[in-house]
Amino acid sequence: MDNNNNNQFNDNNNDNSQETNNNQTTNNSEVTPTPETPKRPRKGLTLTKVAVTAAVAGLLGGGVAYGGINYINNSGLNDTAVPSGSNKTGNTKTSNVTVNVNSQSTKAFNQVKGAMVSVINLQKQSNNSTLGQLFGQESSSTSKSSKAALEEASEGSGVVYKKDGNTAYIVTNNHVVSGSSALRVVTSSGKQLQAKLVGKDSVTDLAVLKVNGADLKTVASFGNSDKIRVGETALAIGSPLGSQYATSLTEGIISAKKRTVETTNSAGTQTGNATVIQTDAAINPGNSGGALINVAGQVVGITSSKIASDAEGTSVEGMGFAIPSNEVVNIINQLVKKGKVVRPALGITYVDLANVSSSQQKSILKLPSSVENGVVVMSASAGSPAKKAGLSKYDVITEMGGHQISDQSTLRDILYKYKLNDTVSMTYYHNGKKKTTSVKLTETSSQLKTTTSATSES
């Protein structure tokens, strides 16, 4: 193909990519759950005031309704005198009956609560305000003391799952620690510990921290998330709104074992799909990285997100999600051993076929009209698995391992089901002709790289 055609494809593709991305953004807002990393708790207990106001309003409403009924039923008794009596007795007492509550949920909570922590994300404080400069305050770029100036950017939750000597390992969400300059952990007893990041994985939204765990006595154990059943009791433990409400327990059920939700990176770009546990146990900002446990006290999931409203702004209740424990264990073991998750790669950059205009699909890609979905190879690195298998620029991948490829996210989802050095079959179109090949997969880092808003690398 000549350079003029290439330039035309790239220029027009950018226009189409922008339009497609705008459409994707609208669609994603309908189903994409929001990560639950909270801002710092507001001073003055604003939430408590709102809750109290609602309770009082409800009580007054009920009182007015009851009073109206009472007036109608007893309209002839309004002049009845109030009996006289002594005000000196004052002998009301509490009952001496005690209730011994020792439910299975309480037992499970007591078994795990000591392993729960709050995770505080500390970031460098910016002092570049115009007002500060007017009064002679140095900017953060020139002030020597600003290097150590850190402020709490957000708070989440974490679970102590392993101890090796005095070193304790904590699992949390990647978005809880993202962008941090330093990390601090607050234990269930209120002790603050400096934490070090062992490794993180943006694809699964998991991270591992380590702290000096000499004083940490409780270690949580993982259950088999494949064995959970819809309808069974689920308990969520975490720090909603931050460490002020640490080790809060909410109870619900398993609403769905395997729910597919879209995942996005920090830039808002869709990176694939995640298979998660759905629960109606209350999940609030700050619960991210906390534990979803069964009544045996086993961690069956790490809470990560919720749907708070749909695209029209309709409020949604009881739709929280947790990463299944079986996947958690697989990922955190790799993070501890290697500091990252190693996944197979094709060695290509690519764009959704939907981003290419129909005229370009015919003139440049030379695709038959029957091909409607797939991804277009924009480049194949020298020596990469794709290059060795015969793929080149403008080839259109439509199947991998016998599975249809509809877009970038499905390609990643299918690719990441394979292991290093696996060989996978691939169907693609080259100059309009359908071809099949076998690709031997090699290594890439866990961090997906986005070269433009519509072009990705794997």
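## Starting from Ile293

Leaving aside its neighbours within four places in sequence, which residues is Ile293 in contact with? In this predicted model, the list runs to Ala108, Phe109, Val112, Thr233, Ala234, Leu235, Ile237, Gln298, Val299 and Val300.

Ile293 also turns up in the largest nonpolar core, a set of 39 residues. Along with Val159, Val171, Val185, Leu209 and Val211, Ile293 is one of the residues that touch the most other core members. Strand 7 gives the most to this core, putting in 5 residues. There is a second, separate core too, with 22 residues, among them Leu346, Ile397, Ile405 and Val439.

## The overall picture

Now for the whole chain. The protein has 9 helices and 23 strands. Of its 458 residues, 41% are buried. If you take the contacts with a separation of 6 or more, 69% of them come from residues 24 or more positions apart. As for the surface, the chain exposes about 24,800 Å², and carbon and sulfur atoms supply 48% of that.

## Three salt bridges

Side chains of opposite charge can pair when their charged atoms come close. Here the count comes to 3 salt bridges.

Take Asp201 and Arg343, whose closest N and O atoms are 2.8 Å apart. Asp201 sits in strand 6 and Arg343 in strand 14 (residues 343–345), so this pair ties together parts that are 142 residues apart in sequence. Are these two partners buried or exposed? Asp201 has 0% relative accessibility, so it counts as buried. Arg343 comes in at 7% and counts as buried as well.

Glu152 and Arg184 meet with an N to O distance of 3.4 Å. Glu152 belongs to strand 3 (residues 150–164) and Arg184 to strand 5 (residues 182–187), and the two are 32 residues apart. Glu152 is partly exposed at 25% relative accessible area, and Arg184 is partly exposed at 23%. Then there is Lys191 with Asp215, at 2.3 Å from N to O. Lys191 lies in the loop between strands 5 and 6, while Asp215 lies in the loop between strands 7 and 8, so this bridge ties together parts that are 24 residues apart in sequence. Lys191 is partly exposed, at 39%, whereas Asp215 is exposed, at 51%.

## A mostly covered helix

Helix 9 covers residues 408–415, and how many of its 8 residues are buried? The number is 7, so the helix is mostly covered. The buried ones are Gln408, Ser409, Thr410, Leu411, Arg412, Ile414 and Leu415.

The chain averages a pLDDT of 79, and 71% of the residues score at least 70. Two stretches call for some care. Residues 1–8 have a pLDDT below 50, and beyond near neighbours in sequence this stretch has 9 contacts in the model. Residues 445–454 also have a pLDDT below 50, with 29 contacts beyond near neighbours in sequence. Where pLDDT is low, the predicted coordinates should not be read in detail.

How values were computed
Residues are numbered from 1 along each chain as its sequence is written. This is a predicted model: local features need pLDDT of at least 70, side-chain atom pairs count only at pLDDT 80 or more; totals for chains, interfaces and linings use all residues. Side-chain values use heavy atoms; hydrogens and water are left out. Helices (H or I, at least four residues) and strands (E, at least two) are DSSP runs, numbered from the N terminus. Buried means under 20% relative accessible area, exposed over 50%, partly exposed in between (1.4 Å probe, protein chains only). Contact means heavy atoms within 4.5 Å. Accessible areas come from the Shrake-Rupley method with a 1.4 Å probe; for residues, only the protein chains shown count as cover. A salt bridge is a side-chain nitrogen of Lys or Arg within 4 Å of a carboxyl oxygen of Asp or Glu. pLDDT is the predictor's confidence in each residue, from 0 to 100. A nonpolar core is a set of buried Ala, Val, Leu, Ile, Met, Phe, Trp, Tyr and Cys residues joined through side-chain atoms within 4.5 Å.
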